[in-house]
Amino acid sequence: MTPTDLQRTPLFDTHAASGAKLVDFGGWEMPLHYGSQLNEHHAVRKDAGMFDVSHMCAVDISGSVPKSYLRRLIANNVEKLNVPGKALYSGMLNSAGGVIDDLIVYWRGGDNYRVVVNASTSVKDLAHMNRIAETYEADLSPRRDLAMIAVQGPNAREKVFAVRPEWRAAGEPLGVFFAAEIGDVFLARTGYTGEDGFEITLPSVDSAKLWADLKAAGVAECGLGARDTLRLEAGMNLYGNEMDETVSPLDAGMGWTVDLKTDREFIGRPSLEAKGQSVAFVGLKLLDRGVMRSHMKVVTAQGDGETTSGTFSPTLGFSIALARVPMAVAIGDKVQVDIRGKLVDALVTKPSFVRNGKALV
Amino acid sequence: MNFPAELKYAPSHEWVRTEADGTLTVGISDAAQDMLGDLVFCGDFKVGESLSKGDTAGVVESVKAASDVYMPVDGEITSFNPDLDVAPEKINSDPYGAWIFKVKPTGSVDGLMNAAAYEEVVNAG
C-alpha cells in the first residue's frame with residue numbers, strides 16, 4: 001500500500017502541522033506520536049490529552065423497530081438502555097460465537113440509536129449489519145461526515161468546558177457511559193484510557209477548530225502509541241489482539257458483556273452456550289526486566305497459554321500483558337513468559353492494571 | 001537528524017568510536033532511536049564474550065518494539081554502560097553521548113561506513 005492509498009481523517013493536516021509521526025493504522029494514515037509517546041501517556045494520566053479517533057465509524061440506526069434489530073445483532077442486551085443517552089459496550093458475534101467487532105451503542109431516544117465500530121473492521125461490520133438489517137426494516141447510515149476527538153484525563157472535562165462553556169450545562173451532569181446531544185455535537189462520557197473524559201463527535205468541518213482550542217488550553221496532542229499503552233494499562237481489549245472472529249467473548253474477558261440471563265436469541269448464542277468458556281483471560285505483571293509483547297508463550301503449571309497484548313507500562317514502570325491461559329490458572333499464581341527464548345517470571349493478576357491514575361496491581 | 005562526522009556506522013544503525021587505546025565504544029544512532037521511539041529497556045549485553053561481526057550483542061526495547069543491537073566488528077564485549085540500566089531513555093535524549101557497550105576488537109573497523117554514507121542509507125529508508 002502506498003501512502004496515497006491511505007485514508008485520512010479531517011484532522012490530518014492538523015497532525016502534519018504539529019509534526020506528528022504518521023503511520024499506516026488499518027489503512028488509515030494516523031499519528032503514532034507527536035514527539036514522545038511516554039510524555040503523551042503521562043499527560044493523560046496526570047492532566048489531559050486528546051486523540052483523533054475519527055477513523056472509527058459512527059453508524060446511525062433508525063427505522064420502525066431498531067431495538068428488535070439490536071436485540072438480535074449484539075451479545076449485550078440493548079434493553080439495558082432504559083434512559084436516553086445511555087451507552088452500552090458489546091460484542092457483535094458471528095454464528096460460531098466469534099467476535100466480528102466490539103462496539104458501543106448509544107440510545108438517542110425514540111427509535112434512534114448510534115453504534116460506533118472500529119476503523120479496520122468497519123467495511124465487514126457494515127456488510128454484516130446491513131445483511132441482518134434486511135429482516136428488521138432497520139435503516140443504517142454510516143456517518144463519515146463526522147469527526148471524533150477523545151479528550152481524556154483527570155482535567156479533561158474541565159478543559160473541554162473551558163473552551164466550549166456552552167457545553168457545560170449538558171455535559172457536567174453526565175454520568176459515566178452517558179452521552180448528551182448539544183446541537184450537532186454528540187458529547188459522550190466514554191473513553192479508552194481508564195481516565196475520565198469525553199469522546200466528542202462533531203461535524204468534520206468543526207473539528208480542526210476544536211482541536212486547536214483544546215491545544216491552546218493545554219490539552220496534549222496524543223497519538224495511537226499512547227492510546228495503546230493507556231488502554232492496556234486500563235485492561236481494555238483491542239480488536240485483533242484480545243479477540244477476533246475465531247475467539248469467543250467468554251475467552252476474551254468479555255463475559256460481562258454477554259447477556260445469557262434473558263431468552264433473547266442473539267446471533268452466536270447457541271454456539272456460545274454449547275462451547276462455554278475454554279480459557280481464563282488474565283493480566284500478567286512481569287517480575288523481572290524485559291518487555292512482554294503479543295503472542296508470547298506463557299508457561300504455567302497447568303499448561304501453556306499466550307499473551308494477547310503486552311507492553312512496558314509507563315505508569316507502573318514494569319511490563320504488563322493480557323493473556324489467555326488454562327482455566328485452572330488462578331490470580332496470584334507465578335508463571336513464566338518466553339521473551340525471545342528467555343523464560344522470565346511473571347505474576348497472574350486481574351486483567352486491569354491502572355484506573356483513574358491509580359495502580360491496581 | 002544528527003550524523004557526527006568523527007564516528008563510523010554499521011548498516012544496522014550502530015555507531016562506533018575508536019578510542020586512543022584502540023578499544024571501540026558503541027551506541028545506536030540518532031536515526032535508530034528516532035525509529036524505535038521512547039526506549040524503556042537496554043540490556044542483555046554479553047559482557048566478557050567474544051562475538052563475531054553481526055552477532056547479537058544485546059537488546060534495546062522501546063514502548064513499541066524490541067530491537068537487537070549487533071556487533072559492528074569481531075571482538076570481545078568488555079563493558080556495558082551501567083547508566084542505561086536505570087535510564088535507557090538517555091539514548092533518546094543523547095544518542096551519541098549514551099554509549100551502550102565497549103569492545104576490544106579483533107577485527108577492523110574499515111568495513112564500516114562514514115557519516116555521509118550512513119546518512120544515505122538512512123535517507124534511502
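The legends below describe close-up views of a predicted model.

**View 1. The five-stranded sheet of chain A.**
Five strands form an open sheet in the order S5-S6-S7-S4-S8 (chain A), and their pairing is antiparallel. S5 and S8 of chain A are the edge strands, each of them pairing on one side only. Direction ignored, neighbouring strands of this sheet are turned by 30° against each other on average.

Helix H4 (residues 122-133) of chain A has twelve residues, which at 1.5 Å a residue should span 16 Å. The end C-alpha atoms of this helix are 16 Å apart, in agreement with that value. Ser122(A), Asp125(A) and Met129(A) are the buried residues of H4(A). Because they cover an arc of only 60° around the axis, they sit on the same side of H4(A). The face turned away from the buried side carries the exposed residues Val123(A), Ala127(A) and Arg131(A). The packing partners of the buried residues of H4(A) are helix H3 (66-73) and the strands S4 (57-63), S5 (87-93), S6 (99-107), S7 (113-117) and S8 (138-142), in chain A.

**View 2. The hairpin of S1 and S2 in chain A.**
Strand S1 (residues 21-25) and strand S2 (residues 28-33) of chain A pair in the antiparallel sense over five bridges. Phe25(A) has Trp28(A) in S2(A) as its bridge partner. Two residues lie between the strands of this hairpin, where Gly26(A) takes a positive phi near 55°.

Strand S10 (residues 179-182) and strand S11 (residues 185-188) of chain A run antiparallel, joined by four bridges. Ala180(A) has Leu187(A) in S11(A) as its bridge partner. The hairpin of S10(A) and S11(A) has two residues between the strands, and Gly183(A) takes a positive phi near 60° in it. S11(A) is also joined by three bridges to strand S12 (residues 197-203) of chain A, again in the antiparallel sense. Here Phe186(A) stands opposite Thr201(A) in S12(A).

**View 3. Arg164 in a loop of chain A.**
Arg164(A) belongs to the loop between helix H5 (156-163) and helix H6 (168-171) of chain A. With 19 other C-beta atoms within 10 Å, Arg164(A) is partly exposed, since a residue counts as buried at 20 or more. Arg164(A) and Lys215(A) are 51 residues apart in sequence, and their C-alpha atoms are 13 Å apart in space.

**View 4. The contact between chains A and B.**
Twelve residues from chain A and nine residues from chain B make up the contact. On the side of chain B that touches chain A, strand S4 (residues 39-43) of chain B gives the most, with three residues. By class, that side of chain B has four nonpolar, two polar and three charged residues.

Technical notes
Residues are numbered from 1 along each chain as its sequence is written. Chains are lettered from A and ligands numbered from 1 in the order in which they are written. This is a predicted model: local features need pLDDT of at least 70, side-chain atom pairs count only at pLDDT 80 or more; totals for chains, interfaces and linings use all residues. Two residues are in contact if their C-beta atoms, placed from the backbone, lie within 7 Å. Ala, Val, Leu, Ile, Met, Phe, Trp, Tyr, Cys and Pro count as nonpolar, Asp, Glu, Lys and Arg as charged, and the others, Gly among them, as polar. The expected span of a helix is 1.5 Å times one less than its number of residues. A residue is buried if 20 or more other C-beta atoms lie within 10 Å of its own, exposed if 12 or fewer, and partly exposed in between; C-beta atoms are placed from the backbone. The arc is that of the directions from the helix axis to the C-beta atoms. Two strands pair if DSSP finds at least two bridges between them. Axes are lines fitted to C-alpha atoms, for helices over the stretch in contact, and angles run from 0 to 180 degrees between N-to-C directions.
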